[in-house]
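Thanks for coming, everyone. Let me put the structure up, and then we'll walk through a few parts of it.

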Amino acid sequence: MLRLLGWILRLALAAVVTTVVGAAVLFWALDRFAFDLPDAGRLAVYEPPTATRLYAGDGRLLAEYAREKRVFVPYDAIPPRVVQAFVAAEDQHFWHHFGLDPLGIARAALANLRRLQEGEIGRPQGASTITQQVAKNFFLTNEVSLERKLKEAVLALRLERTFSKEKILELYLNEIYLGGRAYGVAAAALAYFDKALDELTLAEAALLAGLPKAPSAYDPLRNPQAARARRDYVLGRMLEDGYIDRAAYEAARAEPLVTRQRPPESFVVADFFTEEVRRQLVARLGEAGFYEGGLAVRTTVDPNLQALADRALRAGLSAYDRKHGFRGALGRIDPAAPDALARLRAFDPGFELLDWQVALVRGAGRDGLEILLPDGSTGLVPLAELAWARRVDEAGRLGPAVREARQVAAPGDLLLVEPLPGPGRRFALRQRPLVEGALVALDPHTGRVLAMSGGFSYRQSQFNRATQARRQAGSAFKPFVYLAALEAGMTPSSIVLDAPIVIDQGPGLPKWRPENYSQQYYGPTTLRVGLEKSRNLMTVRLAQDIGMERIIELARRFGIERGLEPFLSTALGANEVTPLALTTAYAMLVNGGKRIEPYLVERIQDRWGRTVFRRDGRDCPGCSGVAWRGQLPPEPADERPQVVDPRHAFQMVNMLQGVIERGTATAARVLGRPLAGKTGTTNDAKDAWFVGFSPDLVVGVFVGFDQPASLGPRETGASVALPIWIDFMKGALDGTPPVPFRTPPGIHLVQVDAATGRRPGPDTKVVVSEAFLPGTEPPAGAPAPIAPSSDLPTAGPVLPNGGPSPGGLY
């Protein structure tokens with residue numbers, strides 16, 4: 001008996017010694033890897049990567065950017081059943097252990113030993129606690145090694161000493177990947193059930209808790225049987241651990257596994273605008289700050305105006321393209337093939353179709369084309385809608401007129417078509433234009449970019465022609481030449497000679513002989529008429545008189561800076577400018593000469609809802625904490641710098657009204673309201689412009705090929721860009737009352753003869769209300785004021801007919 005007792009004591013002593021030595025070895029090993037581990041306390045401020053969202057000006061969602069789809073939820077907002085399900089599934093001793101689970105480790109060790117004895121090969125069974133998983137997910141990799149497990153253990157012990165159990169669970173439940181591109185339980189609830197966490201049933205919570213073990217294997221969308229078995233296992237663990245009773249367990253097991261995928265987000269379509277915002281914010285915040293910052297960005301875009309801009313630009317580019325012939329079918333499919341419809345549906349033209357469709361020609365006769373559409377229905381393209389589709393040869397020449405539909409297409413051809421209004425399934429032939437363009441709309445008083453369309457197809461080309469294309473402005477630059485003349489003391493009625501002029505460009509260079517677009521000369525002409533009719537010779541002579549330095553200095557005040565050389569050709573718009581910059585310059589004319597900068601972002605809030613950026617930083621003491629009782633809103637101080645005398649700005653606006661009323665943009669009179677603007681066309685018609693405005697909206701349109709080439713004989717800003725502007729403004733101003741341009745103090749409006757600038761007389765045909773500064777208006781019966789330049793000799797011999805003008809712009 002004493003011998004047995006001695007053996008027992010010796011065994012107990014050996015066990016104690018072994019335990020102490022083992023513990024010492026364990027802590028030595030843990031200390032071995034502890035010195036280079038990260039500080040677990042960093043997680044005290046947990047800011048997981050969350051999505052940044054862009055919102056339109058009316059609050060609708062514009063875009064969402066994220067590397068990980070996650071919705072952060074604090075612990076207190078997570079329902080107990082969700083917490084209980086994950087604890088039961090992943091770490092049943094979580095509330096009682098110190099970061100490591102000795103019983104779990106022993107159980108896993110025995111299981112792995114048994115597998116080795118039985119010759120099984122595979123990944124060892126783990127015994128990671130939730131705390132260890134947090135340590136691994138935040139600080140370590142998925143490497144299977146003893147060193148990684150020891151580091152994980154050290155970090156788990158530190159986490160338990162630093163944070164409460166609730167905080168550790170908050171970290172875990174928001175960070176863990178649960179499949180379906182969902183990180184965290186809240187994102188997973190939306191991804192699999194389209195529910196908030198507090199809407200989940202017990203069975204749904206158990207299904208989510210079963211996913212961490214193997215998200216792909218237990219994906220309820222792809223592997224519903226495995227997912228259900230795993231869900232039932234979790235429910236069993238919850239019953240065993242006392243979280244639920246037998247009745248709740250049975251009811252949850254009986255619940256069918258029904259997933260409900262979240263419908264796609266409804267986004268406002270503004271692709272070029274959105275990409276410009278993304279580009280600017282990434283440059284400002286960095287990739288991580290933007291994609292992981294969880295920002296809420298309120299932008300300036302007006303969804304209604306943006307839709308109008310996209311539609312107007314697309315329609316205008318397509319209309320221009322149709323004037324220049326048909327380039328043929330997109331491809332061919334045998335209409336008799338059994339898979340013809342499937343191949344038609346699968347055909348990708350490479351750009352956004354919107355309201356267009358790809359169609360397969362089934363029959364081609366004299367009076368039309370019979371087409372098959374992707375929905376299996378048929379339709380007709382009548383001959384009248386094919387009249388434009390004259391074939392184009394390699395030299396760009398148009399073929400014979402279309403008299404029969406079979407001239408255009410044959411059975412098996414794939415075409416683009418657009419539904420026609422009215423009864424019957426009738427369609428018009430379309431083609432993707434080669435020409436490109438841009439449209440940008442601004443609030444002239446603030447610089448808010450209300451709409452931006454940078455090309456025909458964002459999918460096909462992300463190059464934003466509104467902000468990235470630098471093109472010659474042509475005659476759209478002339479208002480700043482004439483404004484400089486007004487600053488120099490001239491008036492809209494001042495006379496400048498419209499006659500040939502030859503410019504000596506220096507030794508070894510040819511003479512420059514600019515000419516008018518009409519190749520005619522009109523003699524002494526008022527500044528108003530010169531601008532309205534876009535006379536090149538007057539503009540060059542005017543620039544020569546007042547000096548290019550004055551013009552360049554003024555243009556820079558208006559934000560036009562690139563390529564401004566002290567050469568007379570600059571007065572005709574030889575400098576390069578982006579559509580956004582030129583439109584902004586025009587905005588400073590209509591707003592009374594106030595300096596503005598175009599902007600796309602109104603406000604940025606961080607993930608906690610704090611405003612970290614606000615565009616309008618002005619103080620407004622009366623704007624907050626005031627109950628509205630019908631009083632007028634407070635007006636913050638106007639801090640916009642004055643770049644030009646508001647009276648001169650109004651004179652220019654008044655002259656630009658004449659461009660629409662009597663000049664090169666008379667087509668815009670159809671809108672029937674006060675409007676102003678200027679056409680622009682460069683040499684060989686490589687660039688076409690129209691920039692114009694109402695009192696509260698300024699819009700610029702540019703059209704041209706990405707690789708500069710002629711738009712064609714007789715194509716101008718008035719024929720190519722102006723129709724797009726009119727189409728947009730018609731929709732943008734619909735339902736709003738006509739508003740006159742605001743007249744600043746110090747302006748005298750005087751009735752004068754539109755042609756001579758003098759007071760009206762018996763021979764006057766058109767009278768205009770001209771804007772003068774006090775003391776500059778012509779007295780009754782007086783001749784028109786003569787600009788000094790009309791008395792100056794030309795800078796070379798005056799030719800009877802100027803001939804071609806190398807470098808001249810019109």
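Start with a strand pair. Strand β1, residues 52–55, and strand β5, residues 296–299, run parallel and are joined by three bridges. Keep in mind that this is a predicted model. Within that pair, Leu54 sits opposite Val297 of β5.

Now a helix that goes with these strands. Helix α11, residues 271–291, packs on the sheet. The helix touches β1, β2, β5, β18 (601–605) and β19. Its direction makes about 35° with that of β2.

What is the strand order in the open sheet? It reads β2-β1-β5-β18-β19, five strands with mixed pairing. Which strands stand at the edges? They are β2 (61–65) and β19 (611–614). Each has a single partner strand, so one side of each is left without a neighbour in the sheet.

Glu276 is in α11. Is Glu276 buried or exposed? Its relative accessibility is 6%, and buried means under 20%, so Glu276 counts as buried. Its side chain has a polar contact of 2.7 Å with the side chain of Arg279. Setting aside residues up to four places away in sequence, Glu276 touches Met452, Asn464, Thr467 and Leu600.

Compare an arginine elsewhere. Arg322 belongs to helix α12, residues 303–322. Its relative accessible area is 21%; the buried class stops under 20%, so Arg322 is partly exposed. What does Arg322 contact, beyond its neighbours within four places in sequence? Trp388, Leu429 and Arg430. Take Trp388. Arg322 and Trp388 are 66 residues apart in sequence, yet their C-alpha atoms are 6.1 Å apart in space.

Last topic: the nonpolar cores. The largest has 136 residues. Which of them touch the most other members? Phe480, Phe558, Leu582, Val703, Trp725 and Phe728. Look at Val703. Leaving out neighbours within four places in sequence, its contacts include Leu317, Val435, Leu711, Val720, Ala721 and Ile724. Glu436, Lys686 and Asp687 are also among them.

Over to you for discussion.

Definitions and conventions:
Residues numbered from 1 in each chain as written. Predicted model: local features only at pLDDT ≥ 70, side-chain atom pairs only at ≥ 80, totals over all residues. Heavy atoms only, no water. Pairing = 2+ DSSP bridges. Helix = DSSP H or I, 4+ residues; strand = E, 2+ residues; numbered from the N terminus. Contact = heavy atoms within 4.5 Å. Axes fitted to C-alpha atoms, helices over the stretch in contact; angles between N-to-C directions. Core = buried A, V, L, I, M, F, W, Y, C linked by side-chain atoms within 4.5 Å. Buried < 20%, exposed > 50% of the residue type's maximum accessible area, 1.4 Å probe, protein only. Polar contact = N/O pair within 3.5 Å; in protein donor to acceptor, adjacent residues only side chain to side chain.
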